[in-house]
Amino acid sequence: MIRKAIILAGAALLAACAGSVDRSGVAERMYVIECGENHVKDLSRWTPGANVGKPYVFSDYCYLVKHPEGGWFLWDTGNPDKYASMPNGFSAGPTAPITAFMRKPLVDSLKEVGVAPTDIKQMAMSHSHGDHSGNANLFTKALVYMQITEYEALFGADAKKYNLPVANFEFLHTPGEPAGVRTLTGDHDVFGDGSVVIKSTPGHTPGHQSLFVKLRRTGPVLLTGDLAHLYSNWENEIVPGFNYNVDMTRQSIKDMKAFAARTGAKVMVNHDKGQNALVVKAPLFLD
Ligand SMILES: [Zn+2]
């Protein structure tokens, strides 16, 4: 029997905390975990007007953050672990624009750093697309932060028109589990000390979000989800036509550029394999 996910009133809690919170916290470490690859035959779908017919390989990462008092927070869950048993990858058919791979299951990468899926008590996804929500069902003990607009796109009356993979969110309906969704209507300071902050950045999907993480040695970083698929798209504000709202995405990019300039955050573009080539990957970590 399926029951409705628990929705907690995040806004009221946030309002109660505002004004009295120390914003000087830092996260202890952040693991950048390889969470698949997405091979495309024609990059121009993501770079309108350029790269016609050019194949490309998009990287796909999950980010595991450890807070000194608050424990683990997971950002994005990558392609589904089951793709690891498909040597030729998964595609929706011979004409599908993407073939998705998972070289090493997320559950194995987590095990390498001593973390079980049930250790994750808080998580969020940049958005609900399959390359970010592929393993969400592993995290049955986690509270999931999701913009109300994304929640309604997934589970609301018009869910079908958004074509989002609702099956990836079955865990939210598992009887007897404490997991649930805390819906957000904007930014959310996860640990209340400014170290890990979810930023509302709509456009790619109705409730797309980004993540700001402060680390002691690395400094602040901004994980921009799919606001841009390549760093050059970020720089030039190039947005693919398949976005929920292209203008909204462009505005979110502008807002996050201003935010990154203000905070000094390094921008990390999840799918840009080249930009991420020199970033240390799990089991090593950024601190
Ligand atoms: Zn993506």
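Visitor: Which residues are buried in helix 4?
Guide: This is a predicted model. In helix 4, which spans residues 148-155, the buried ones are Glu150, Tyr151, Ala153 and Leu154.

Visitor: Where do they sit around the axis of helix 4?
Guide: They are on the same side of helix 4, because the arc they cover around the axis is only 160 degrees.

Visitor: Now the metal. Which protein donors does the zinc ion have?
Guide: Asp131 and Asp226 each give an OD atom, and His132 and His271 each give NE2. The distances to the zinc ion are 2.1 to 2.2 Å.

Visitor: Why is the arrangement around the zinc ion irregular?
Guide: The angles subtended by the 4 donor atoms run from 89 to 160 degrees, so the arrangement is irregular. For four donors, tetrahedral would need all angles between 85 and 135 degrees.

Visitor: What spacing do the donors follow along the chain?
Guide: The spacing is D-H-x93-D-x44-H. Asp131 and Asp226 are 95 residues apart and link distant parts of the chain. Asp131 is in helix 3 (residues 130-133), while Asp226 is in the loop between strand 12 (219-223) and helix 6 (231-236).

Visitor: Asp131 first: buried or exposed?
Guide: Asp131 counts as buried, because its relative accessibility is 16% and the cut-off for buried is under 20%. Asp226 counts as buried too, at 3%.

Visitor: Change of topic. How many disulfides does the structure hold?
Guide: The structure holds 1 disulfide. Cys35 and Cys62 form it, with their sulfur atoms 2.0 Å apart.

Visitor: What handedness does the disulfide have, and what is the torsion?
Guide: The torsion about the S-S bond of Cys35 and Cys62 is about -115 degrees, so the disulfide is left-handed. Cys35 belongs to strand 2 (residues 29-40) and Cys62 to strand 3 (residues 56-67), so to speak of the chain, the pair links distant parts of it, 27 residues apart. Cys35 counts as buried at 0% relative accessibility, and Cys62 likewise at 0%.

Visitor: How many bridges does strand 9 share with strand 10?
Guide: They pair over 2 bridges, in the antiparallel sense. Asp189 has Val197 of strand 10 as its bridge partner.

Visitor: And what joins strand 10 to strand 11?
Guide: Strand 10 (residues 196-200) and strand 11 run antiparallel and are joined by 5 bridges. Val197 turns up again here, with Phe212 as its bridge partner in strand 11.

Visitor: What does Leu215 contact, leaving aside its neighbours within four places in sequence?
Guide: Leu215 is in contact with Val26, Ala27, Glu28, Arg29, Met30, Leu286 and Asp287. The C-alpha atoms of Leu215 and Val65 are separated by 9.8 Å, and these residues are 150 apart along the chain.

Visitor: Next, strand 8. Which of its residues are buried on each side?
Guide: Gly180, Arg182 and Leu184 are buried on one side, Val181 and Thr183 on the other. That covers both faces of strand 8, with 5 of its 5 residues buried. In a regular strand the side chains alternate between the two faces of the sheet.

Visitor: Do strand 7 and strand 8 run parallel or antiparallel?
Guide: They run parallel, joined by 5 bridges. Val144 has Val181 as its bridge partner in strand 8.

Visitor: Last one, Gln147. Where is Gln147 found?
Guide: Gln147 is in strand 7 (residues 143-147). Gln147 is buried, with a relative accessible area of 4%. Not counting residues up to four places away in sequence, Gln147 touches Leu184, Thr185, Gly186, Ile198, Ser200, Gly207 and Gln209.

Key: Residues are numbered from 1 along each chain as its sequence is written. This is a predicted model: local features need pLDDT of at least 70, side-chain atom pairs count only at pLDDT 80 or more; totals for chains, interfaces and linings use all residues. Side-chain values use heavy atoms; hydrogens and water are left out. Buried means under 20% relative accessible area, exposed over 50%, partly exposed in between (1.4 Å probe, protein chains only). Helices (H or I, at least four residues) and strands (E, at least two) are DSSP runs, numbered from the N terminus. The arc is that of the directions from the helix axis to the C-beta atoms. Donors are N, O and S atoms within 2.8 Å of the metal (3.2 Å for Na, K and Ca); water is not among the atoms, so sites may look incomplete. Four donors count as tetrahedral if all angles lie between 85 and 135 degrees; four count as square planar and six as octahedral if opposite donors are over 155 degrees apart and all others between 65 and 115; anything else is irregular. A disulfide is a pair of cysteine sulfur atoms within 2.5 Å. Two strands pair if DSSP finds at least two bridges between them. Contact means heavy atoms within 4.5 Å.
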